[in-house]
Amino acid sequence: MNYLAHIYLSGNNKMLTIGNFIADGIRGKKYKTYPMEVQKGILLHRQIDTFTDAHPTVRQSTKRLHENYGHYSGIIVDILYDHFLAKNWSKYSDVPLEDYAENFYQILTDNIEILPQRILKMMPHLISGNWLLSYATKEGIAKVLDGMNKRTKNRSQMNLATKELDLFYDEFEAEFTSFFEELIAFSEEKLIQINQELS
């Protein structure tokens, strides 16, 4: 899953949310250098990724993209799923997405001293471009895919995936909706387990 989903699946625990958000850049056992609640977020993130990558519904979404985008298909699906979460946000949260995003940016700003360098470099762009809110529109997703393509020096051609998004919009949305319900339940269960193991 991409940023918005990982943040959402952290619940209301600020430090756990930070851990879930920064986890991609924390390798191996380096997570143990962070405060306990951040550690829990990192471990939850890893569990979410493992569950997502192996899930048949997600693989169905990925398969639709594989011919044109190869191993980048999974990254594209993560981004598309964040679009459907943002678009249908009111189904999952009583807090408007605009307020939710601002609150998250404030959490990052308030805890800047524990953020890794990779996040510190990205943060100004995340906030000024209001990425989390931008996911709700096709235009916002097009910008994200374009930025990801530039990061691969145009090798991935991910910017062209808006074509498949338009062609198979309803299919991707149905797959996201079905999968995300399972992912919410999975994350809640795993968080209980992580809390038990680290307490």
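## Second largest pocket

In this predicted model, the lining of the second largest pocket divides into seven nonpolar residues, six polar residues and one charged residue. That lining is made up of 14 residues. Those nearest the centre of the pocket are Ile 7, Gly 11, Asn 12, Tyr 100 and Asn 103. Of the elements, α6 gives the most, with four residues.

The volume of the second largest pocket is about 280 Å³.

## Largest pocket

The largest pocket holds about 750 Å³ of space. Its lining consists of 28 residues, and Asn 2, Tyr 3, Trp 131, Met 148 and Arg 151 are the ones that lie nearest the centre. The elements giving two or more residues to this lining are α1 (3–8), α3 (36–54), α5 (73–87), α7 (117–128), α8 (131–134) and α9 (138–151). The greatest contribution comes from α9, which supplies six residues.

By class, twelve residues of the lining are nonpolar, nine are polar and seven are charged.

## Elements in the two linings

The main contributors are α9 for the largest pocket and α6 for the second largest pocket.

Conventions: Residues numbered from 1 in each chain as written. Predicted model: local features only at pLDDT ≥ 70, side-chain atom pairs only at ≥ 80, totals over all residues. Heavy atoms only, no water. 1 Å grid on protein atoms, 1.4 Å probe; cavity = no way out; pocket = protein on both sides within 12 Å on 5 of 7 lines; lining within 4 Å. Points joined across faces, edges and corners; volume = space filled by probe spheres on them. Nonpolar A, V, L, I, M, F, W, Y, C, P; charged D, E, K, R; others polar.
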